[in-house]
Amino acid sequence: MNETATPERISDFVSLHALQQPERQAAVLDGRTVSYAQLDAAMQAYGRAMIASGIQKGDRVATLAPPGIEYLVTFLAAISVGAIWIGLNPVYQLRELLVVLRDANPSLLLARTRIRDRSFDDELAAIAAEIGSIKTIVALDEMVPGAVDCDSFLARGAQVSDAAYEAARRSPAPADPCLIVYTSGTTGTPKGAVLSHRGLAGTSIEQNRIWPVDDLRILNYFPINHVGCVADVTCPTLTAAGCLVFLEKYDTAESLRLIEEQRVTCLLTVPSVYQMQLDHPDFARRDLSSVELIIWEGAALPREIIRRLLDWC
């Protein structure tokens, strides 16, 4: 990798940071911290496993998981070897999952089989029966019938040669698609919006230029199928060698605790979340002085809330 050139693919930023700042924090979830060296190693391991499972440039790879380390690694691994990644929201019911999967036709599905109090055994069995394009389902946690366990999946990747892996890493061009984000479907069936490597990287670099934060540490609790999670929060943070502080399910008290504990420097969310945080009894008790930048999207923010946010940061 040319360390002097600006990467045009998000996965290449991860590898660059791993070379230059290997111990720097890349992600945090439930007290577990992942460095850029660890994130790059996991991305490579999953990328090799995808190649061993037959994934080629342009194939689709889907992930069913909450926002967290599994989402981050599988997204990066897929796009690093030329695949096109799709996130699936764990609150989707089977009908909604099938609508997206029939349209995207993924070859590989990586799934958490237990998320909080919900088991996905029946949904994954139905998906295996209904979606003929899926050749492999990988269980990221507990095994279910018809799936491959994660350890076996990764063991296959260990057999992939360095030459084959590097060829796959070189295969995607900056203008190639790497992500499909499905619209909400409020006026009809969800439509897939296709985003490119260059689009994600270029927008992320520009976002960081407009809103610079020296040590970017940001909460991410958006669902992984949403552009907010991937394009607005994850990608700018990775390009800036920042740290993603994950929260699998939004909770106001927990969000305030994490801002204090993890010294979060940037917040990006919707107006209703800021209203809940400002009105929560923990707000006045927490040390939230680390926050330098507050961004909102999705709706207008009332003038009074803006005044209170200005007092915050």
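The legends below describe close-up views of pockets, cavities and salt bridges in a predicted model.

**View 1. The second largest pocket and its lining.**
Sorted by class, the lining of the second largest pocket has eleven nonpolar, one polar and three charged residues.

**View 2. The largest cavity.**
Three cavities of 30 Å³ or more are found in the structure, and the largest has a volume of about 70 Å³. Among the residues that line the largest cavity are Gln207, Asn208, Trp211, Asp232, Val233, Cys266 and Leu293. Helix H8 (197-210), helix H9 (227-239) and strand S15 (293-296) are the elements that give two or more residues to this lining. H9 provides the largest share, four residues. Eight of the lining residues of the largest cavity are nonpolar, three are polar and one is charged.

**View 3. The second largest cavity.**
The volume here is about 40 Å³. The lining consists of Leu219, Tyr221, Leu267, Leu268, Thr269, Tyr274 and Gln277. Strand S14 (266-269) and helix H11 (271-279) each contribute at least two residues to the lining of the second largest cavity, with the largest share, three residues, coming from S14. Five residues of this lining are nonpolar and two are polar, and no charged residues take part.

**View 4. The salt bridge between Arg114 and Asp121.**
Side chains of opposite charge can pair when their charged atoms come close. In this pair, the closest N and O atoms of Arg114 and Asp121 are 2.4 Å apart. Arg114 is partly exposed, at 25% relative accessibility, and Asp121 is also partly exposed, with a relative accessible area of 26%.

**View 5. The salt bridge between Arg263 and Asp287.**
The N to O distance between these side chains is 3.5 Å. Arg263 sits in the loop between helix H10 (252-261) and S14, and Asp287 in the loop between H11 and S15, so the pair ties together parts 24 residues apart in sequence. Both partners are partly exposed: Arg263 has 35% relative accessibility, and Asp287 has a relative accessible area of 36%.

**View 6. The salt bridge between Arg285 and Asp282.**
The closest N and O atoms of this pair lie 2.4 Å apart. Arg285 is exposed, with a relative accessible area of 60%, whereas Asp282 is buried, at 15%. The whole structure holds 21 salt bridges.

Technical notes: Residues are numbered from 1 along each chain as its sequence is written. This is a predicted model: local features need pLDDT of at least 70, side-chain atom pairs count only at pLDDT 80 or more; totals for chains, interfaces and linings use all residues. Side-chain values use heavy atoms; hydrogens and water are left out. On a 1 Å grid over the protein atoms alone, a cavity is a set of points where a 1.4 Å probe fits but cannot get out, and a pocket is an open set with protein on both sides within 12 Å along at least five of seven lines; lining residues have an atom within 4 Å of a point. Ala, Val, Leu, Ile, Met, Phe, Trp, Tyr, Cys and Pro count as nonpolar, Asp, Glu, Lys and Arg as charged, and the others, Gly among them, as polar. Grid points are joined across faces, edges and corners, and a volume is the space filled by probe spheres set on the points. A salt bridge is a side-chain nitrogen of Lys or Arg within 4 Å of a carboxyl oxygen of Asp or Glu. Buried means under 20% relative accessible area, exposed over 50%, partly exposed in between (1.4 Å probe, protein chains only).
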